[in-house]
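Here is a short briefing on a structure with more than one topic to cover. Keep the 3D view open while you read.

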Amino acid sequence: MPNVVTNKFLKTLSRADFFTANVTCTFQKWNLVGEYTVPAQQEIAVGATEIINGGATGSCAYMRFDGTGAAQITGQIKVMVADANDQGQVVVQKSSAEWSASATPSRIASVLLQEDNRRAQQDSKIQIWFYPTAYSTLTTGTIPIDVTDADTAITLPVSVYTVRMT
Amino acid sequence: MQLIPKNVAGGLSLLDIAEIAVTKLVSERLLSGFIGNGTVMSGAVKGVGGLALSQIDGKHAKLIAAGMLVDAVEDLAISINPFGLFARAGTAQNADAGILRI
């Protein structure tokens with residue numbers, strides 16, 4: 001029997017869903033910061049579309065990574081969806097700069113992310129990659145993302161579909 | 001070739017069965033743009049249409065009516081769906097058009 005995809009609900013993935021310890025990143029290189037594995041009986045699309053006053057609007061996405069010196073690491077961020085065996089990976093979002101420069105997550109500082117038409121199935125992964133370019137005067141070597149810094153934050157809205165066997 | 005003995009159901013040939021099936025398929029597709037498919041409304045419209053057609057004399061009118069009535073019952077069964085008995089066949093994935101699963 002086929003799987004039937006039913007109710008959708010919106011969810012926000014946070015920093016703790018992706019990593020809970022400091023992540024060391026290499027400058028001028030794409031680093032896997034963290035990944036979220038899709039739980040059983042779910043399909044997840046990155047982004048969430050809300051209808052506000054009749055218009056389709058994306059939900060607030062926010063990302064900022066601070067180094068151990070309490071300053072922001074600048075660079076590029078991309079969100080990818082990969083299957084469990086890394087046989088296929090697609091980029092669903094890529095920003096030319098960090099998603100936000102403000103100190104705290106806010107609606108104004110966020111990127112509005114509409115629901116993507118590519119869905120990660122059970123056991124597939126939603127990955128966040130970071131390409132650090134500068135931290136203060138540092139532009140080479142490695143830099144750890146400080147997980148204890150309150151400014152290190154991820155707010156990634158996703159649309160969760162529940163899947164069941166008929 | 002008689003599938004059902006004449007003394008049981010008046011007799012239906014394979015060609016008759018095919019006519020019913022083709023009517024069911026074609027009418028379902030033609031009408032879905034106007035009255036939908038697999039809903040109580042579409043089932044009711046097809047049911048009324050089928051019953052009206054069945055009143056017309058002639059074998060083909062009866063066969064076409066049979067095709068529409070089969071489709072009407074299918075729509076009603078799917079839409080009312082008692083205890084989740086009837087899974088929607090064929091149309092369940094239509095809403096997923098354009099969705100790429102990874």
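H3(B) and H4(B) cross in a left-handed sense. The model is predicted.

- Helix H3 of chain B covers residues 40-54, and helix H4 of chain B covers residues 59-80.
- The two helices pack at an angle of about 160°, and their axes are 8 Å apart.
- Angles over 145 degrees count as roughly antiparallel, so H3(B) is roughly antiparallel to H4(B).
- On the H3(B) side, the contact is made by B:Val40, B:Ser42, B:Gly43, B:Lys46, B:Gly47, B:Gly49, B:Gly50, B:Leu53 and B:Ser54.
- On the H4(B) side, the contributors include B:Ala61, B:Ile64, B:Ala65, B:Met68, B:Leu69, B:Ala72, B:Leu76 and B:Ile80.
- Also on the H4(B) side are B:Lys62, B:Asp71, B:Asp75 and B:Ser79.
- By class, the residues of this contact are 10 nonpolar, 7 polar and 4 charged.

**Chain B overall**

- Chain B holds 4 helices and 3 strands.
- Read from the N terminus, the order of its elements is β-α-β-α-α-α-β.
- Chain B has 102 residues, and 24% of them count as buried.
- Take the contacts in chain B with a separation of 6 or more: 54% of them join residues 24 or more positions apart.

**Confidence in chain A**

- Chain A has a mean pLDDT of 86.
- In chain A, 88% of the residues reach 70 or more.
- Among the elements of chain A, strand E3 (residues 31-37) has the highest mean pLDDT, at 95.
- Strand E5 (residues 49-52) of chain A has the lowest, at 80.
- Where pLDDT is low, predicted coordinates should not be read in detail.

**Positive phi in chain A**

- A:Ala70 is not a glycine, yet its phi is positive, at about 65°.
- A:Ala70 sits in the loop between strand E6 (55-64) and strand E7 (74-82) of chain A.
- A:Ala70 has 12 other C-beta atoms within 10 Å. The cut-off for exposed is 12 or fewer, so A:Ala70 is exposed.
- A:Asp86 also has a positive phi without being a glycine, here of about 55°.
- The place of A:Asp86 is the loop between E7 and strand E8 (89-95) of chain A.
- A:Asp86 is exposed too, because 9 other C-beta atoms lie within 10 Å.

Key:
Residues numbered from 1 in each chain as written. Chains lettered and ligands numbered in written order. Predicted model: local features only at pLDDT ≥ 70, side-chain atom pairs only at ≥ 80, totals over all residues. pLDDT = per-residue confidence, 0-100. Buried ≥ 20, exposed ≤ 12 C-beta atoms within 10 Å, placed from the backbone. Axes fitted to C-alpha atoms, helices over the stretch in contact; angles between N-to-C directions. Parallel < 35°, antiparallel > 145°, perpendicular 65-115°, else oblique. Left-handed = near helix turned anticlockwise from the far one by under 90°. Contact = placed C-beta atoms within 7 Å. Nonpolar A, V, L, I, M, F, W, Y, C, P; charged D, E, K, R; others polar.
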